[in-house]
Amino acid sequence: MATRLRAAGAGRSCTVIGGSGFLGQHMVEQLLAKGYSVNVFDIHKRFESDQVTFFLGDLCDKEALLPALRGVAVVFHCASPAPASDNRELFYRVNFTGTKAVIEACREAGVQKLVLTSSASVVFEGTDIKNGSEDLPYAQKPIDYYTETKILQEKEVLSANDPDNNFFTTAIRPHGIFGPRDPQLVPILVQAARSGKMKFIIGDGKNLVDFTYVENVVHGHILAAEKLHKGSALCGKAFHITNDEPIPFWTFMSRILTGLDYDPPKYHIPYWLAYYLALLLSLLLALLRPLVTIKATFTPMRVALAGTFHYYSCERAKRAMGYSPVVSLDEAIARTVQSYPGLRRARA
Ligand SMILES: NC(=O)C1=CN([C@@H]2O[C@H](COP(=O)(O)OP(=O)(O)OC[C@H]3O[C@@H](n4cnc5c(N)ncnc54)[C@H](OP(=O)(O)O)[C@@H]3O)[C@@H](O)[C@H]2O)C=CC1
Ligand SMILES: CC(C)CCC[C@@H](C)[C@H]1CC[C@H]2C3=C(CC[C@]12C)[C@@]1(C)CCC(=O)C[C@@H]1CC3
């Protein structure tokens with residue numbers, strides 16, 4: 001590994017924590033393409049590459065992290081339990097306690113830059129956000145445990161910024177990441193369509209939201225790593241990274257569905273009715289949990305995301321790091337639909 005690090009140049013050596021995941025794999029691919037030497041630290045190894053050094057372990061274990069961080073200049077921390085897991089203990093352990101372990105390991109290993117994948121949802125409380133800036137306060141009442149722990153995670157990383165000791169941190173807040181190999185958005189949407197649950201538009205269908213193509217998210221992270229240094233505007237700050245093309249939520253869903261030959265939703269259900277039905281269902285499933293575990297398609301969080309405005313300004317990222325999306329929304333939707341032949345509706 002030391003040879004690879006030297007070959008890439010000390011400044012272009014990195015470790016992607018969570019590198020086996022959806023965003024992580026795209027991150028690894030683009031970093032390699034840019035000539036970085038790349039380590040992956042993840043609890044699972046989900047792909048083979050002779051260009052990558054894999055370190056398997058739990059990011060909550062600092063001793064397991066250290067070998068993966070020694071000699072690297074930049075750490076990208078994009079690991080998190082899946083939002084749908086809804087496991088409060090797991091979220092706290094990984095996103096809060098685990099992130100503190102990541103920070104300690106970075107400091108001990110002499111890593112200079114830590115780029116966290118946070119989430120624009122850290123300011124979302126289930127009510128409209130239109131062109132929200134990073135100055136919005138953290139959600140006082142996060143809708144779910146995932147969001148609650150992403151807030152704690154971001155606060156830990158940004159407050160760890162320590163330029164006097166050559167340790168620089170920043171957080172990237174993407175929103176609604178989609179693209180090839182996404183496990184959370186398109187597969188769940190198609191599953192809902194296949195089970196006949198996608199006949200209704202929640203609300204009036206005019207709520208604009210941000211969906212961000214995965215390659216734009218990666219581009220934002222790499223830009224941040226390259227612009228993060230002593231005295232830069234990135235130190236200890238968070239930055240929204242989106243496609244900068246807010247789109248009605250149900251227009252986006254319909255374009256993915258029709259692109260895969262499914263019928264788009266066409267009837268309307270009032271937002272308040274959908275939200276309270278989802279809340280009632282979540283309470284019922286919580287009561288039944290000791291007996292049976294049932295995953296709801298329409299959780300309160302998902303209904304809130306489906307029925308409210310939530311799009312964010314990227315102006316701060318444009319100014320501080322010269323960010324602009326590298327793949328347009330139209331092209332991104334086309335590539336995404338094209339990448340899921342197995343999810344296309346089988347024609348009789
Ligand atoms: N998807 C989206 O729309 C958005 C995602 N984000 C953030 O982007 C990041 C990446 O998300 P995404 O790629 O979708 O998520 P994935 O679940 O696809 O990837 C996360 C990776 O981290 C791994 N991981 C989880 N827990 C640990 C642990 N304790 N130790 C080591 N590795 C671990 C996961 O393994 P395993 O699969 O076994 O859990 C997985 O490989 C996350 O931080 C998420 O919060 C932010 C905004 C939007
Ligand atoms: C069943 C339908 C009402 C919705 C189907 C699509 C949803 C599964 C997705 C639409 C918006 C997505 C989203 C996320 C996960 C998947 C969706 C709810 C996140 C919660 C993932 C993690 C984040 O940090 C924020 C994302 C917001 C958008």
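A polar contact here is a pair of N or O atoms within 3.5 Å; within protein, one must be able to donate a hydrogen and the other to accept it, and residues adjacent in sequence count only if both atoms are side-chain atoms. With that in hand, a polar side-chain atom of Ser119 sits 2.8 Å from an oxygen atom of ligand 2.

This is a predicted model, where local features need pLDDT of at least 70, side-chain atom pairs count only at pLDDT 80 or more, and totals for chains, interfaces and linings use all residues. Residues are numbered from 1 along each chain as its sequence is written, chains are lettered from A and ligands numbered from 1 in the order written, and side-chain values use heavy atoms, with hydrogens and water left out.

**Ligand 2**
- Around ligand 2 there are 15 residues, with Ser119, Ser121, Tyr146, Gln184 and Phe298 the closest; a residue is near if one of its heavy atoms lies within 4 Å.
- Tyr146 has a side-chain N or O atom 2.6 Å from an oxygen atom of ligand 2.
- Of the 600 Å² of accessible area that ligand 2 has on its own, the protein covers 92% (Shrake-Rupley method, 1.4 Å probe).
- Helix 8 (249-259) and helix 10 (300-307) are the elements giving two or more residues to this shell; helices are DSSP runs of H or I with at least four residues, strands are E runs of at least two, and both are numbered from the N terminus.
- The shell splits into 8 nonpolar, 6 polar and 1 charged.

**Ligand 1**
- Ligand 1 has 25 residues around it, and Leu23, Asp42, His44, Tyr146 and Lys150 come nearest.
- His44 puts a polar side-chain atom 2.6 Å from an oxygen atom of ligand 1, while a polar side-chain atom of Asp58 lies 3.0 Å from a nitrogen atom of ligand 1.
- Helix 2 (22-33) and helix 5 (145-159) each supply at least two residues of the shell around ligand 1.

**The chain overall**
- There are 12 helices and 15 strands in the protein chain.
- Its radius of gyration (over C-alpha atoms) is 20 Å, close to the 20 Å that the globule rule gives for 348 residues, so the chain is as compact as a globular protein of that length; the rule is 2.2 Å times the number of residues to the power 0.38.

How values were computed:
Nonpolar A, V, L, I, M, F, W, Y, C, P; charged D, E, K, R; others polar.
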